Amino acid sequence: MFGPCVRLLPRHLSSGFCLRGYSTLGRSPRPQEKNSNPVFQYVGRHKRPSHKVFVWGFSFTGALGIPSFVVPDSGRKTPRKYQLTPYRLETADQISSAACGYGFTLLASSTKDVTKLWGMGLNTDSQLGFQRTQHSRHKSYDYVLEPSPLALPLARPLQTRVVQVSCGRAHSLVLTDSEGVFSLGNNSYGQCGRRIVEDEVYSNSHTIHRVEGFSGRVIQVVCGQDHSLFLTETGRVFSCGWGADGQTGQGHHNISSSPVEVGGDLAGVEVQQISSYGDVSLAVSKDGHLFGWGNSEYLQLASVTQSTQLNSPCHLPLKGCGKVVQAACGGTQVAVLNDRGEVFVWGYGILGKGPDLSESSTPEMIPPTLFGRSEFNPTAVVTRIRCGLSHFAAVTDRNELFVWGKNVRGCLGIGKKDDQYFPWRVTVPGHVVDVVCGVDHMVALTKSLL
């Protein structure tokens, strides 16, 4: 029997990645000579903002990409199991897309360089590709402790760009601009969009599959827990994978191993955004309506059904919410954002309006003041919403990040392990451009303040 393999890349093999702690201050090696004269440092007028990546949450899977948290080096005496505040992961390439799976992370750059995709964390199902060990070319690492390059089987590697990545429980999807969608990892339920092979062994796998069967070019990919959703440029939604809760939306509760167009109330509707992370799926139409299907055990779809499952998309009537522009859903909770920058939540869990609200079948608006609106900032609005398995995140027009929900293993990044019942601003050094949520960790993409 072999124990779990852990990958720790040598410094010179880290493919442009190096490590830098932001939340800890180093001790000065010697006293500095006092100087009473003021020192001014000016930023050049044409200096471009630098883009940075911050990570936080549970580290022992390797999903944060900071190996010294797991295997202490000479500068750190003890492991750091939980990183409770944002910690900088410096990258040579600008990261344009990130995704958090169940204990692993994908990072992508829109560069045309050969190396444009990296993975870190759990790799027991090859959801980060084949990461060859130093001892055997036939064995792949089960844990990858810092960002490791993931090579796609591209026909034009110097021309094709990675547009977006998404991660589920043990599978990953990668969307490119000109060569379609690639899937990797566990395919037990057809979630990778390829034929299910009985007794297939997913560890040490080289398989990266190009997903086909769409009626047009795919512009967004989403991983649920064990199913996948695809949105085409014509506004059509396709799905594959585990369908026991109806989350594929194909009118049945069976497994689907190849993408099939979703029908129901979505027939003839042009969709602009899709969302999933657990076993419920959502779609937002271009005219601002919300559609849902899948698991409704926690009242996620209670506006249209009393059943715990819905296997075909239904239009969800949302009274008082206005025009919906974004939707996000986790394991038990749902959030929508309207065109006025207001956030509405429902479902089960910590919803963001205090400890007295843990369940709702109808949308509850979170007061805009909790996202920074005040007499000094009367126009503050939310521009992005995200969901992890049991927590929420929102980014405002001032590029501030707010989080709330279950603080599983410190995933909220608020400096403590307590759950957060109202939106709380996370101290991130820079303007937050985007954020992604996992089960117990998060990643933020930022640009510098200057």
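The model is predicted, so local features need pLDDT of at least 70 and side-chain atom pairs count only at pLDDT 80 or more, while totals for chains, interfaces and linings use all residues. Residues are numbered from 1 along each chain as its sequence is written, and side-chain values use heavy atoms, with hydrogens and water left out.

**Confidence**

The predictor's confidence in each residue is expressed as pLDDT, on a scale from 0 to 100. The chain has an average pLDDT of 91, and 88% of the residues score at least 70. Over residues 10-34, however, pLDDT stays under 50, and the model has 36 contacts there beyond four places in sequence; a contact means heavy atoms within 4.5 Å. Where pLDDT is low, the predicted coordinates should not be read in detail.

**An open sheet**

Strands here are DSSP runs of E with at least two residues, numbered from the N terminus, and two strands pair if DSSP finds at least two bridges between them. An open sheet is formed by four strands in the order E24-E25-E26-E27, with antiparallel pairing. Its edges are strand E24 (382-387) and strand E27 (420-426), each of which pairs on one side only. On average, neighbouring strands of this sheet are turned by 20 degrees against each other, direction ignored; the axes are lines fitted to C-alpha atoms, and angles run from 0 to 180 degrees between N-to-C directions. E24 is joined to strand E25 (residues 391-396) by five bridges, and Val382 has Thr396 in E25 as its bridge partner.

**Asn338**

Asn338 belongs to strand E21 (residues 333-338). Its relative accessibility is 2%, and therefore Asn338 counts as buried; buried means under 20% relative accessible area, exposed over 50% and partly exposed in between, with a 1.4 Å probe and protein chains only. Beyond four places in sequence, Asn338 touches Cys321, Lys323, Val324, Val325 and Phe344.

| Backbone atom | Distance to a polar side-chain atom of Asn338 |
|---|---|
| Oxygen of Cys321 | 2.9 Å |
| Nitrogen of Arg340 | 2.9 Å |

**Cysteines**

The structure holds zero disulfides, a disulfide being a pair of cysteine sulfur atoms within 2.5 Å. For Cys100, the nearest cysteine sulfur is that of Cys437, 7.1 Å away; Cys100 is buried at 4% relative accessibility. The sulfur of Cys387 is too far for a bond because the closest cysteine sulfur, in Cys329, is 6.7 Å away. Cys387 is also buried, with a relative accessible area of 10%.

Technical notes:
Polar contact = N/O pair within 3.5 Å; in protein donor to acceptor, adjacent residues only side chain to side chain.
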